[in-house]
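Here's a quick tour to read alongside the structure. Have the viewer open and follow the topics one by one.

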Amino acid sequence: MRFIFKTNYAQDINIARHSGDRLWYSLLIILMLTMPLLIDDFYLGEISYVCILAIAGIGLMILSGYTGLASLGHAAFLGIGAYTHAFLLTNGIPFFASIPIVIIVSFMVGALIGIPILRLTGMYLAIATLALCFIAEHVFIKWEHFTGGNRGMPVPQPEIMGMSFYDSATFYYVCLAFLILSMFAAINILRSPTGRAFVAIRDSEIAAQSLGVNLGLYKALSFAISGAFTGLAGALLAHYIGYLAPDIFNIFLSLTLLLLIVVGGMGSLHGTVFGAIFVGYLPQLIAICRDYLPNSIGSQPGLEPMLFGLILVLFILYEPLGIYGRWVKIKLFFQLFPTYKKQTFKKQKVFTKSDRV
Amino acid sequence: MSLFEVKNITVSFGGVKALNDVSFTVDKGEIFTIIGPNGAGKSTLFNVISRIYEPSNGEIFFDGENISKIKPHNISSLGIARTFQNLELFENATVLQNMLLGRHIYKKTNILSEILFTSKARQQEREHRLKIEEVIDFLDLQHYRDTLINGLPYGVRKNVELARALCTAPKLLLLDEPSSGLTNEETNDLSFWIKDIQSLLGVTIIMIEHDMSFVNKVSDRILALNYGEILASGLPSEIKENADVKQAYMGE
């Protein structure tokens with residue numbers, strides 16, 4: 001077990017807690033950078049997709065995992081990002097100019113939508129965001145000038161420094177770079193006053209308010225930041241899909257994102273990556289399982305959504321902290337071996353809250 | 001000189017008058033205790049001061065300024081901090097993070113400098129931490145810096161909430177039943193701390209409390225409420241002898 005002797009405030013401020021962190025994460029980045037040499041194009045495309053999902057996951061995690069606000073409408077932000085990006089590229093704006101515009105647009109949309117709907121809480125907020133998802137889908141269908149309507153819209157594949165996005169290694173590196181940048185941006189937000197204000201809103205609105213956190217402003221900010229990350233993911237998703245149609249950005253995509261953060265682990269950025277890997281490969285896994293299942297079950301059309309729902313429920317019941325929570329437990333088991341007790345993570349019951357303010 | 005003044009505050013919930021025409025003043029540097037049986041309107045009064053409840057009538061002055069129209073999230077930057085009767089800590093955060101929230105009103109960075117975590121943001125974190133360490137030393141919280149609130153015993157949680165309020169460097173501190181749920185020993189410590197907060201940090205304190213021996217030990221003046229109305233106010237010795245107070249607590 002590692003004991004950290006703290007001698008400097010910087011040790012609490014820095015991202016890496018100790019040299020072990022630095023070593024393992026550098027190794028991980030090196031592994032990711034050499035990935036195109038190790039595996040073939042198909043799997044590289046899959047990893048790119050996982051990176052995109054993880055970026056969207058970071059967005060939803062900041063909103064749901066850290067600020068405690070539910071959203072069933074994040075597919076709308078993926079759509080906004082994707083369509084804006086495709087529209088800008090079609091009109092000759094270069095890739096690296098288009099991405100910042102996409103981020104700003106989705107940030108603005110997030111803030112504009114956030115200000116009215118974040119007056120709602122809990123279930124009602126979930127319903128409002130659900131409505132957002134359907135409204136966005138209809139806007140994508142009806143606003144033909146901008147989105148091509150039901151006919152869909154091809155996404156131009158740009159070239160960066162002479163390398164085309166058709167080359168899966170190039171696209172993989174772009175996705176990976178944006179994931180790493182997003183991760184750093186999210187970590188930085190969360191270790192600054194703004195991120196702490198988000199957590200404060202999640203845990204006790206009344207205390208946050210009495211300590212000077214402007215609830216309306218910070219909830220809207222959280223929604224906007226969340227929208228910006230998800231919009232960025234949408235822009236990359238547009239390249240991954242290649243041809244945009246409104247029905248891609250439906251409620252099922254929103255639920256996939258929700259599944260991602262719950263399975264990954266609410267309230268942890270590690271969780272977004274774990275969740276993205278899980279959600280990214282789950283359809284493949286289901287496809288493989290179909291072959292082995294009896295025909296009457298295997299050929300059912302609704303198998304995928306049903307399994308998604310089942311997994312969501314099972315995780316909420318048996319591992320509310322998700323894959324990351326399980327990973328922390330396994331790590332602690334080996335650190336404390338053989339003295340680990342199951343009760344370590346048992347939540348202490350205290351009865352201090354009442355509905356009195 | 002009066003630092004804080006409540007003038008003719010009335011709060012009604014439907015037909016119930018939780019507070020009826022309550023007025024009092026608190027002097028700078030005083031420890032002012034509000035007592036009263038359950039349902040007397042003590043917590044309502046605190047919630048009116050921190051602007052969570054809207055009074056139907058009356059005004060509140062702090063430092064000569066009328067604060068009865070100020071937004072609830074701006075109260076703490078005026079220099080008023082509070083604790084809650086039923087602990088409102090951020091449970092899934094560490095003690096340090098809870099206390100850092102107390103420094104929120106001194107935030108100087110905007111979202112862009114935070115995303116880039118510029119040297120200014122880093123500097124700010126360090127300055128906040130320096131202030132927090134002073135409070136940690138003051139309230140003996142050294143052992144708990146990195147502990148999650150979830151895993152702390154009740155007495156320590158109470159202490160952390162007081163610490164968080166002190167991190168805002170308040171001029172006026174509102175304590176809602178600070179000794180409830182504490183052991184005798186902890187209550188004893190608390191009485192010393194409250195005296196120290198008054199004398200060393202120069203903070204004025206308004207406190208709601210039931211433990212009369214504790215109240216008599218620390219308070220400079222006492223206000224007794226019952227059914228939303230003022231029964232009596234004065235020095236601890238006067239309140240002890242007051243016939244109305246005796247009747248409210250013990251009956252005829």
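## Briefing: two chains and how they meet

Chain B is built from 10 helices and 10 strands. Keep in mind that this is a predicted model.

**Chain B overall**

- For the 252 residues of chain B, a compact globule would come out with a radius of gyration near 18 Å, and chain B has 19 Å, which agrees.
- If you boxed up the C-alpha atoms of chain B along the principal axes, you'd need roughly 65 × 40 × 35 Å.
- Some 44% of the 252 residues in chain B count as buried.
- Take the contacts in chain B between residues at least 6 apart in sequence: 65% of these link residues at least 24 apart.

**The four-stranded sheet in chain B**

- Chain B holds an open sheet of 4 strands, with antiparallel pairing and the order 2-1-4-5.
- The edges belong to strand 2 (16-27) and strand 5 (65-66) of chain B; each has a single partner strand, so one side of each has no neighbour in the sheet.
- As a reminder, strands of a sheet pair through backbone hydrogen bonds, either parallel or antiparallel.
- Strand 1 (residues 2-13) of chain B runs antiparallel to strand 2 of chain B, and 8 bridges join the two.
- To find your place in that pairing, look for Ser2(B), which sits opposite Asp27(B) in strand 2 of chain B.
- Helix 1 (residues 42-49) of chain B lies across strand 1, strand 2 and strand 4 (57-62) of chain B, at about 65° to strand 2 of chain B.

**Chain A overall**

- Chain A has 16 helices and 4 strands.
- The radius of gyration of chain A is 21 Å, close to the 21 Å that the globule rule gives for 357 residues, so chain A is as compact as a globular protein of that length.
- Along its principal axes, the C-alpha trace of chain A covers about 60 × 50 × 50 Å.
- In chain A, 43% of the 357 residues count as buried.
- Of the contacts in chain A with a separation of 6 or more, 76% are between residues 24 or more positions apart.

**Where chain A meets chain B**

- The contact brings together 34 residues of chain A and 43 residues of chain B.
- On the chain A side, the elements giving two or more residues are helix 1 (10-13), helix 8 (168-190), helix 9 (193-203), helix 10 (205-210) and helix 11 (215-241) of chain A.
- Which helix gives the most to the side of chain A that touches chain B? That's helix 9 of chain A, with 7 residues.
- Sorted by type, the residues on the side of chain A that touches chain B come to 16 nonpolar, 12 polar and 6 charged.

Notes:
Residues numbered from 1 in each chain as written. Chains lettered and ligands numbered in written order. Predicted model: local features only at pLDDT ≥ 70, side-chain atom pairs only at ≥ 80, totals over all residues. Rg over C-alpha atoms; globule rule 2.2 N^0.38 Å. Buried ≥ 20, exposed ≤ 12 C-beta atoms within 10 Å, placed from the backbone. Contact = placed C-beta atoms within 7 Å. Nonpolar A, V, L, I, M, F, W, Y, C, P; charged D, E, K, R; others polar. Pairing = 2+ DSSP bridges. Axes fitted to C-alpha atoms, helices over the stretch in contact; angles between N-to-C directions.
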